[in-house]
Amino acid sequence: MSEIAGTAVSRKYSMGVDIGSTASKCIIMAEGKEIVAKSLIDVGAGTSGPDRVIAAVLKDSGLKLEDMTHIMSTGYGRHSLEIAHSEMSELSCHARGAYFQHPAVRTIIDIGGQDAKVMRIDENGILENFVMNDKCAAGTGRFLDVMARVLEVKLDDLEKLSAESQNEVRISSTCTVFAESEVISQLARNTHKRDIIKGIHRAVASRVGALARRIGLVDDVMMTGGVALNDGVRLALEEELEHDIFTTELAQYNGALGAALFAWQRSKKKEI
Ligand code: ADP
C-alpha cells in the first residue's frame, strides 16, 4: 500500500473516470466521503486524455492503481477503459454526483461537449426521468466551441464578454452550421463580438430551455457539465426558464464524482 506524507495509508479509495466526448475527468475519493484528487484534460474519448487524467490523480495523491478498491468508468467513452472494474451510464452518475453535492437538488441540467440532458431525481437522489439531446450540436458545448473559434475568442472569455453586451444580437438559426454563417455575417457588419456572444448564449439557453420544459422543472435546479463554467449561459437559462439555477465548482467533474461514489458503493458490497 502507498504512503502519503510518510504515514501508512489505512483509508480506502475509489476512483471514478468520466470519459466524455470532449474532456476526460477523474476523481479519487476516500471512503466515499472526501475528494482526495481530481484532474481534467480537454480531450476525451479515443485520445490520451483518460490515461493522462488517471496518471495525474495518482501522482497528486501519491496513490497507486492497486490502492483503489474499485474503479468505475462513465461517459461516452466508458467502454474503452480497460482498467475499470465496472461502468455506469452518465445519467446515473450525474444524478449521484449532484445529490452528493447538494441533496436538495431535484433537477439537473447537464450541458457537455456533445449533448445536453435534463434529469429529474427524487428525494433519495434516484433518477426518475430524463430528456436528452444528442442528435444536434445546437444547445451543446460544441455549438459554443464552434462559435468561439469563429469569433477568435477563448472559451474562458465568453462569459466576461457577454456580460458587457449592450445590444444583444438575435441568432435566429437553430442549426449550428447556419448559425455559424449568421455569426460570420454579423462580424462582417462590424457588430461587437460581445453582442454576438450574448445572442449565442441566448440561443443555447433557448434550445436547452425547450428540452427542460419537456420534463418540467422542480427546485432546486443545478447546472452541471463543462458549459456550466460559462456563467453567461447559466444566466441566460435562468431568464429563459424563470427559475434560479445554481452550479458548483465541481460542475464539470460531476459525472466522475458520481462514478467514484458508485465505485465506493460497489466495493462496500463486495465486503459484505
Ligand atoms: P463531455 O463530458 O461531453 O466531454 P464536458 O461536460 O466536459 O463534456 O463539457 C465540455 C464542454 O465544456 C466544452 O465543449 C466547452 O464548450 C465547455 N467548456 C469547457 N471549459 C470551459 C470554460 N473554461 N469556459 C466555458 N466553457 C467551457
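Asparagine 190 counts as exposed because its relative accessibility is 68%; exposed means over 50% relative accessible area, buried under 20%, and partly exposed in between, with a 1.4 Å probe and protein chains only. Please keep in mind that this is a predicted model, in which local features need pLDDT of at least 70 and side-chain atom pairs count only at pLDDT 80 or more, while totals for chains, interfaces and linings use all residues. Residues are numbered from 1 along each chain as its sequence is written, and side-chain values use heavy atoms, leaving out hydrogens and water.

**Domains and their interface**

- The domain assignment gives domain 1 (13–98 + 252–271) and domain 2 (104–247); such bounds come from an automatic or database assignment.
- The centres of the two domains, taken over C-alpha atoms, are 26 Å apart.
- Domain 1 brings 10 residues to the contact and domain 2 brings 18, where contact means heavy atoms within 4.5 Å.
- About 1,100 Å² is buried between the domains, with 68% of this from carbon and sulfur atoms; buried area is the accessible area (1.4 Å probe) that two parts lose on being put together, summed over both.
- Between domain 1 and domain 2 the count is 1 salt bridge, a term for a side-chain nitrogen of Lys or Arg within 4 Å of a carboxyl oxygen of Asp or Glu.
- The side chains of lysine 117 and glutamate 90 form a salt bridge, at 3.9 Å from N to O.
- On the side of domain 1 that touches domain 2, helix H2 (residues 90–101) gives the largest share, 5 residues; helices (H or I, at least four residues) and strands (E, at least two) are DSSP runs numbered from the N terminus.

**Helix H3**

- H3 (residues 141–151) is mostly covered, with 8 of its 11 residues buried, including Phe143, Leu144, Met147 and Leu151.
- Its buried residues are covered by elements that include strand S8 (107–111), helix H4 (155–163), helix H5 (176–188), helix H6 (193–215) and helix H7 (231–241).
- At the start of H3, a side-chain oxygen of threonine 140 comes within 3.1 Å of the backbone nitrogen of arginine 142.
- Just after H3, glutamate 152 has a positive phi of about 55 degrees.

**Helix H7**

- Among the buried residues of H7 are Val233, Leu237 and Leu241, and also Arg234 and Glu238.
- The cover over the buried residues of H7 includes H3, H4, H6, S8, strand S11 (221–224) and strand S12 (245–246).
- Asparagine 230 caps the N-terminal end of H7, with a side-chain oxygen 2.9 Å from the backbone nitrogen of glycine 232.

**A buried lysine**

- Lysine 25 sits in strand S4 (residues 24–30) and counts as buried because its relative accessibility is 8%.
- A polar atom of the lysine 25 side chain lies 3.1 Å from the backbone oxygen of alanine 23.

**Loop backbone**

- Aspartate 219 and aspartate 220 are joined by a cis peptide bond, with omega about 0 degrees; aspartate 220 is in the loop between H6 and S11.
- Asparagine 190 lies in the loop between H5 and H6 and has a positive phi of about 65 degrees although it is not a glycine.

Key:
A polar contact is a pair of N or O atoms within 3.5 Å; within protein, one must be able to donate a hydrogen and the other to accept it, and residues adjacent in sequence count only if both atoms are side-chain atoms.
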